[in-house]
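Colleague: I am new to this structure. Could we go through it by question and answer?

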There are 2 protein chains.
Amino acid sequence: MARLHFIILIFSSIFAISSSSIRPPHPFDALTRTELKLVRNVIKKTYPVGPKYNFTFQYVGLNEPDKSLVLSWHSSPDLNVKPPPRQAFVIVRDNGKTREIVVDFSSRVIISDKIHVGKGNPTLTIDEQEAATALVHKFKPFRDSIRRRGLKLSEVVVTSSTMGWFGETKTKRLIKTIPFYLNGSVNTYLRPIEGMTIIVNLDKMMVTKFKDRFTSPLPKANGTEFRFSKLKPPFGPALQNAVLFQPSGPGFKIEGHIVRWANWEFHLSFDVRAGIVISLASIFDMDVNKYRQVLYKGHLSEMFIPYMDPTDDWYFITYLDCGDFGCGQCAVSLEPYTDCPAGAVFMDGIFAGQDGTPAKIPNAICIFEKYAGDIMWRHTEAEIPNLEITEVRPDVSLVARIVTTVGNYDYIVDYEFKPSGSIKMGVGLTGVLEIKPVEYIHTSEIKKGEDIHGTIVADNTVGVNHDHFVIFRLDLDIDGSDNSFVRNELVTKRAPESVNTPRRSYWTSRPKTAKTEAEARVKLGLKAEELVVVNPNRKTKHGNEVGYRLLHGSAAGPLLAQDDYPQIRAAFTNYNVWITPYNRSEVWAGGLYADRSQGDDTLAVWSERNRKIENKDLVMWYTIGFHHVPSQEDYPTMPTLSGGFELRPTNFFERNPVLKTKPVKLTTARKCIPKDD
Amino acid sequence: MARLHFIILIFSSIFAISSSSIRPPHPFDALTRTELKLVRNVIKKTYPVGPKYNFTFQYVGLNEPDKSLVLSWHSSPDLNVKPPPRQAFVIVRDNGKTREIVVDFSSRVIISDKIHVGKGNPTLTIDEQEAATALVHKFKPFRDSIRRRGLKLSEVVVTSSTMGWFGETKTKRLIKTIPFYLNGSVNTYLRPIEGMTIIVNLDKMMVTKFKDRFTSPLPKANGTEFRFSKLKPPFGPALQNAVLFQPSGPGFKIEGHIVRWANWEFHLSFDVRAGIVISLASIFDMDVNKYRQVLYKGHLSEMFIPYMDPTDDWYFITYLDCGDFGCGQCAVSLEPYTDCPAGAVFMDGIFAGQDGTPAKIPNAICIFEKYAGDIMWRHTEAEIPNLEITEVRPDVSLVARIVTTVGNYDYIVDYEFKPSGSIKMGVGLTGVLEIKPVEYIHTSEIKKGEDIHGTIVADNTVGVNHDHFVIFRLDLDIDGSDNSFVRNELVTKRAPESVNTPRRSYWTSRPKTAKTEAEARVKLGLKAEELVVVNPNRKTKHGNEVGYRLLHGSAAGPLLAQDDYPQIRAAFTNYNVWITPYNRSEVWAGGLYADRSQGDDTLAVWSERNRKIENKDLVMWYTIGFHHVPSQEDYPTMPTLSGGFELRPTNFFERNPVLKTKPVKLTTARKCIPKDD
């Protein structure tokens with residue numbers, strides 16, 4: 001029975017981390033409010049800024065610092081080497097053109113300014129989407145169509161949707177807008193008003209096409225409620241509240257945006273496009289008494305969510321969420337104790353609004369220790385006469401979480417660090433389905449041979465079939481920057497004649513280092529192979545190459561035809577795993593300009609160069625995929641569906657790195673006094 | 001900020017559940033001590049029992065009650081139908097023969113008694129393994145060999161290993177014994193003394209073969225220590241203790257062996273071969289105000305762990321752990337707060353020893369609520385002007401856990417129930433590697449072209465390549481016993497000419513009901529398909545067949561040749577998923593008699609009959625597989641490597657079954673008073 005002596009420490013675990021500080025910024029710190037204002041002021045010296053001058057800020061973020069400079073700064077004693085120049089990378093829309101501007105903070109000048117001449121458009125701002133939908137709401141033909149349907153305009157919500165690309169030669173900044181009907185529901189997406197094609201030109205901010213094609217049944221409001229405060233009894237299933245108390249306080253420390261916990265140290269930042277950015281993640285190795293590099297930079301690179309209804313109201317719904325809408329921009333404020341458990345610490349997301357002034361998502365990121373009841377390692381040794389030994393180390397991990405709600409779907413993105421050296425990336429899908437109104441309330445009404453492209457999940461309501469592909473960019477630096485990718489195939493061998501054995505077979509590993517990008521493209525599930533990123537320049541004392549192994553989850557690949565436009569744009573889904581040589585400009589797997597992109601700037605295109613990747617600075621790309629046939633359980637909100645993968649040290653350490661972890665105890669209390677008593 | 005008012009309840013969450021009770025036993029209750037004694041007494045009337053009469057109890061467990069009788073009892077109001085007759089199924093070894101005996105408890109007589117004439121032998125008892133290894137320890141030629149190696153006999157531990165089967169026509173109950181050397185280490189398995197072939201006949205309890213073939217280097221004791229109390233500083237990484245407090249007590253209630261929690265009810269039992277047995281799991285559906293069946297019975301059926309070194313000391317290491325050694329018999333006593341977190345309740349494992357008298361594994365099973373910080377569902381609705389709604393339901397689940405330590409490996413087996421209706425089966429591998437002594441301490445010493453069949457993980461120590469296959473038998477009864485297995489393939493379609501669309505493709509689902517066993521054999525990862533067990537006789541109000549879908553993890557298949565003996569014996573690994581019609585006698589996927597089995601009684605053989613499986617009582621078999629190339633991190637104990645799968649309701653409910661769950665709060669406290677203060 002545990003003997004604990006605490007009843008003591010008060011730790012205010014819910015506080016926002018100050019984004020300003022006296023110390024010089026870390027090279028990976030997100031731009032501060034002050035810096036965002038400075039960017040605007042510097043640019044304002046050259047350009048009239050703001051929507052009324054048709055000059056809008058579509059992306060403002062940290063200009064990726066030179067990697068070699070970051071590494072020499074980071075590896076210098078007491079960080080006494082000068083950090084790399086701090087700069088902002090800005091994408092603006094300037095009178096119908098896309099302009100890329102780099103602003104230097106120390107000199108406070110624009111150091112680079114060029115017009116983007118390629119395909120695709122920048123990420124949509126929230127402001128312009130709101131302006132566009134407000135415009136439609138006031139657009140007379142639209143109002144007439146709503147009235148003609150017998151609906152109340154005051155109950156109509158108009159939402160914006162990117163259009164995709166389907167072979168058009170010009171890709172103006174057009175969006176489609178889709179109306180929904182509230183009138184007794186707050187679950188917007190479950191009551192679409194179908195049949196209208198409404199296109200808005202964002203640069204001109206005008207409706208350029210309106211067509212009322214047909215009317216559909218309107219799904220009922222009844223059954224769409226999801227607010228606890230409005231639902232009627234009976235409630236259930238009943239779960240119990242719980243209190244977590246850490247007698248010695250939390251195990252992590254945050255200094256600026258550097259997180260230190262157990263044997264891990266990493267920088268945690270927010271980007272308006274990627275959401276969470278982890279950088280300079282390294283792990284303390286007790287054997288050599290120093291931190292060793294693992295992940296130079298890791299983040300969400302893109303999502304692809306194609307829907308599987310080819311008809312007019314649906315064919316274009318093929319979102320590249322991070323590029324189209326900004327996976328950071330769509331981050332929501334996390335709720336203490338429900339979105340993130342007890343002990344969580346929160347961090348705001350600061351970004352630039354359309355006019356360049358700072359905006360804030362309070363509590364956009366949380367960091368917490370996860371006590372899931374798992375076992376880190378254990379062993380009961382029962383073979384020794386008169387001695388039974390049981391040693392158990394319960395597992396605790398550290399999670400950095402963001403939730404991105406892109407309209408209907410809520411994506412829970414977790415980066416989990418384990419003391420054993422593993423990093424797990426997880427995605428949870430929840431929120432609300434995109435649904436299509438139909439006449440039907442029962443499958444028996446479906447016409448023979450008709451494909452409804454989904455499942456009847458409620459009266460007049462089809463949850464439409466779709467995919468979710470979520471790709472992570474992982475700039476791994478396994479114990480240094482120069483790494484190789486080893487495909488260690490496990491192959492069946494016949495037992496050799498030379499060995500006197502009744503066994504007829506066994507498997508052996510046949511490691512093969514991928515020399516070029518083509519050799520490193522992996523469709524998972526086809527063969528038994530270990531995928532390992534090694535540092536061929538570092539070996540353990542037993543001569544094994546130090547490495548990290550990919551433990552993948554259940555894999556999904558694309559089902560769209562290779563010649564279909566959405567698939568060309570999201571060709572990064574063609575393989576589950578890709579390796580590229582580090583290239584500062586290859587960050588967004590669907591292209592820097594994803595909205596209406598044409599697939600000429602994707603990971604698949606970069607990889608076609610088939611560059612050498614042996615003993616180089618490598619980037620791993622991994623796609624978590626889901627094919628989603630909706631079920632009635634997904635209505636009116638969807639229980640979380642999870643996927644993920646793990647990077648696990650393999651011969652990175654000389655021995656079990658958590659062998660000498662002191663066993664923690666996860667105990668119960670007799671009573672607790674709540675925080676605010 | 002949370003306002004909590006509790007500081008109150010005392011709940012003694014650590015107690016063993018009494019296995020005796022006044023109420024009549026539940027049909028799935030494990031045999032009690034009293035019943036085990038009765039079995040022995042009944043059999044003793046006919047046979048002289050005990051090792052000295054060469055009459056040993058190899059398995060004593062519940063004789064599977066007639067399913068139709070259980071179901072009619074279970075579905076009767078107030079359980080007022082007579083439960084099925086309670087009986088014990090006993091396997092004894094009687095003077096060199098295997099005998100199967102059924103004892104009826106009400107009449108207290110043997111109602112069936114027959115000699116097993118087929119292949120294979122029953123599970124080994126702990127007692128006979130201890131007798132055999134003690135015998136070897138005293139065996140003069142063995143002692144001479146140990147002395148000749150310059151080793152101290154007092155430091156030698158002899159362990160037992162099943163022999164497998166390699167084409168022999170007679171499969172006597174022989175085991176091989178393997179000596180290890182302590183002398184400064186308590187990590188037995190890391191110091192094998194190789195080179196001797198030592199075979200013991202268990203029925204005759206004599207050494208029948210002894211051959212000292214060669215000597216190997218002995219790996220050092222240094223570095224094998226894993227007891228915290230004996231390790232030397234520095235310690236780390238440092239993790240924080242935590243206290244869990246449930247102000248309203250735990251959410252589950254246990255009555256006898258029935259567990260009720262949230263919307264779940266199931267029976268939890270212990271079997272000396274399977275470990276945990278879950279039965280009659282049903283979920284409360286608020287819409288119809290009743291419990292609905294999901295899982296009639298689910299448990300571990302077998303494990304297969306073949307090692308990949310074909311040489312003399314290793315070729316036979318191809319364990320069928322549950323059949324060879326008993327996955328319940330090898331269960332260890334779980335430690336409160338480390339093996340199972342705060343709030344866990346423990347249950348003993350009662351079984352019959354070799355002489356038929358009851359033995360006990362205290363705290364063999366634990367049940368706990370898992371607060372992992374996950375989100376059950378959430379949605380932020382941000383589209384409605386001037387209204388932002390965030391609703392979040394944190395996830396809590398219930399876990400039943402057992403840890404089976406079969407010699408070196410510790411298997412953590414979790415059955416997790418979610419309020420959303422999912423059941424997750426998880427296996428964690430930890431413990432100690434099986435290692436092979438070698439001359440080498442560095443990879444550069446390996447001779448060109450030599451296969452060391454593993455990884456050098458320490459000086460003179462190779463962690464040998466191997467697989468773990470863990471198969472679960474899941475007798476699903478989805479809302480009733482008659483079910484079908486639907487393979488819902490997702491197929492790419494070209495966009496039809498009839499639809500005016502610029503899309504060129506989409507996917508659609510092509511559900512196909514498997515008519516026979518052959519149509520239901522699945523190798524995962526080859527194509528995009530949903531695997532659903534449906535009840536074709538029950539439809540939702542929208543006409544969808546009620547079902548449960550399999551969400552598989554990363555899949556592994558066999559790499560041994562199909563004609564290799566171990567693969568023939570473990571042919572259940574040939575597919576990841578199998579469906580069989582319910583058959584009371586098909587329980588153990590590697591055969592009822594696994595030790596030295598010849599593959600004539602495996603799931604693969606049963607399935608060859610290719611029985612009809614449409615709208616029948618079905619059993620699903622799922623194998624979690626791992627190919628394990630050891631790494632240095634796995635030495636001297638191995639951080640847990642996890643795998644699993646999920647059964648998730650799909651159109652089982654009319655809507656999200658946790659929509660109306662009251663949001664729990666997982667908060668922090670200012671201070672807590674520990675339990676034993």
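Colleague: Is Cys330(A) buried or exposed?

Modeller: This is a predicted model, so the values are computed from it. Buried means under 20% relative accessible area. Cys330(A) has a relative accessible area of 15%. That makes Cys330(A) buried.

Colleague: How many disulfides does the whole structure hold?

Modeller: A disulfide is a covalent bond between the sulfur atoms of two cysteines. The search covers all chains. One of the pairs is Cys340(B) with Cys366(B). The total is five.

Colleague: What is the handedness of the disulfide of Cys340(A) and Cys366(A)?

Modeller: The two sulfur atoms are 2.1 Å apart. The torsion about the S-S bond of Cys340(A) and Cys366(A) is about -90°. The disulfide is therefore left-handed.

Colleague: How many residues apart in sequence are the parts that this pair ties together?

Modeller: Cys340(A) lies in the loop between α5 and β16 of chain A. Cys366(A) lies in strand β17 of chain A. The pair therefore ties together parts whose separation in sequence is 26 residues.

Colleague: Which residues lie nearest the centre of the largest cavity?

Modeller: The largest cavity has about 260 Å³ of space. Its lining counts 16 nonpolar, two polar and four charged residues. Strands β9 and β17 of chain A and of chain B each supply at least two residues of this lining. Nearest the centre are Leu244(A), Tyr371(A), Leu244(B), Tyr371(B) and Ala372(B).

Colleague: Which strands stand at the edges of the open sheet in chain B?

Modeller: The sheet has three strands in the order β23-β25-β24, with antiparallel pairing. An edge strand here has a single partner strand, so one side is left without a neighbour in the sheet. The edge strands are β23 and β24 of chain B.

Colleague: Which residue stands opposite Pro437(B)?

Modeller: Three bridges join β23(B) to β25 of chain B, and the two run antiparallel. The residue opposite Pro437(B) is in β25(B). That residue is Thr461(B).

Technical notes
Residues are numbered from 1 along each chain as its sequence is written. Chains are lettered from A and ligands numbered from 1 in the order in which they are written. This is a predicted model: local features need pLDDT of at least 70, side-chain atom pairs count only at pLDDT 80 or more; totals for chains, interfaces and linings use all residues. Side-chain values use heavy atoms; hydrogens and water are left out. Two strands pair if DSSP finds at least two bridges between them. Helices (H or I, at least four residues) and strands (E, at least two) are DSSP runs, numbered from the N terminus. On a 1 Å grid over the protein atoms alone, a cavity is a set of points where a 1.4 Å probe fits but cannot get out, and a pocket is an open set with protein on both sides within 12 Å along at least five of seven lines; lining residues have an atom within 4 Å of a point. Grid points are joined across faces, edges and corners, and a volume is the space filled by probe spheres set on the points. Ala, Val, Leu, Ile, Met, Phe, Trp, Tyr, Cys and Pro count as nonpolar, Asp, Glu, Lys and Arg as charged, and the others, Gly among them, as polar. A disulfide is a pair of cysteine sulfur atoms within 2.5 Å. Buried means under 20% relative accessible area, exposed over 50%, partly exposed in between (1.4 Å probe, protein chains only).
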